[in-house]
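Dear colleague,

Please find the structure below, with its sequence. My notes on what was found in it follow directly after.

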Amino acid sequence: MDLVLWRHAEAFDAREGQDDLDRPLSPKGERQAQRVAAWLNRQLPAGTRVLASPARRCQQTAAVLERRVKTLAELAPGGSVEALLHAARWPESREPVLVIGHQPTLGLAAALLLSGEIQPWAVRKAGAWWLRSRERGDEVQVVLHAVIGPETL
């Protein structure tokens, strides 16, 4: 199974009294999302399942993919690694899954899958980590297929 963890692009800081879920992308974030989405669209098959947090910044990041997106409340800020992996159907899903979400959950999920331990790994804004599950004999392995960010494209 392929699982891509994509952190939303740069967003404006919350204004006083503004709900965190309502923060939009900044102009820089819009450019970041476009750059990474173009790369993802070239790499990911058409049948990739796309899941996103309901936060406005994630919805805007997802929109530039121009693919069907399923919004899941469990991917909102503060969501758990377990909820993310359950939503992605890791590692049983037959199709690739792209999750657009938040720190620290994305970094914690990457750490758990790659090291077996929950650790506070950082995923940069608009960064995408592509993980692949594969079977070798009786063992399931997780391979880091790619890590990209808008500054590397």
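Helix α2, residues 56-63, lies across β1, β2 (49-52), β3 and β4, and runs at about 140° to β4. Contact here stands for heavy atoms within 4.5 Å. Helices (H or I, at least four residues) and strands (E, at least two) are DSSP runs numbered from the N terminus. Axes are lines fitted to C-alpha atoms, for helices over the stretch in contact, with angles from 0 to 180 degrees between N-to-C directions.

The model is a predicted one, in which local features need pLDDT of at least 70 and side-chain atom pairs count only at pLDDT 80 or more, while totals for chains, interfaces and linings use all residues. Residues are numbered from 1 along each chain as its sequence is written, and side-chain values use heavy atoms, with hydrogens and water left out.

The sheet

The strands form an open sheet of 6, in the order β3-β2-β4-β1-β5-β6 and with mixed pairing. Its edge strands, β3 (69-71) and β6 (139-148), each pair on one side only. From one strand to the next the twist averages 20°. Two strands are taken to pair if DSSP finds at least two bridges between them. Strands β5 (residues 128-136) and β6 run antiparallel and are joined by 9 bridges; within this pair, Arg 132 of the structure stands opposite Val 143 in β6. Helix α1 (residues 27-43) also packs on the sheet, where it touches β1 (2-7), β4 (97-101), β5 and β6, and its direction makes about 170° with that of β1.

His 102 sits in the loop between β4 and α4 (105-115). His 102 counts as buried because its relative accessibility is 5%; the classes are buried under 20% relative accessible area, exposed over 50% and partly exposed in between (1.4 Å probe, protein chains only). The side chains of His 102 and Ser 53 are joined by a polar contact of 2.7 Å. A polar contact is a pair of N or O atoms within 3.5 Å; within protein, one must be able to donate a hydrogen and the other to accept it, and residues adjacent in sequence count only if both atoms are side-chain atoms. Leaving aside neighbours within four places in sequence, the contacts of His 102 include His 8, Arg 57, Cys 58 and Leu 75.

Backbone features

Most residues other than glycine have a negative phi, and most peptide bonds are trans.

- The peptide bond from Trp 90 to Pro 91 is cis, with omega near -5°, and Pro 91 belongs to the loop between α3 (81-88) and β4.
- Gln 103 and Pro 104 are likewise joined by a cis peptide bond, with omega about 5°; Pro 104 is in the loop between β4 and α4.
- Arg 89, not a glycine, has a positive phi of about 60°. Arg 89 lies in the loop between α3 and β4 and is partly exposed, with a relative accessible area of 44%.
- Ala 126, also not a glycine, has a positive phi of about 70°. Ala 126 is found in the loop between α4 and β5 and counts as buried, at 0% relative accessibility.

With kind regards
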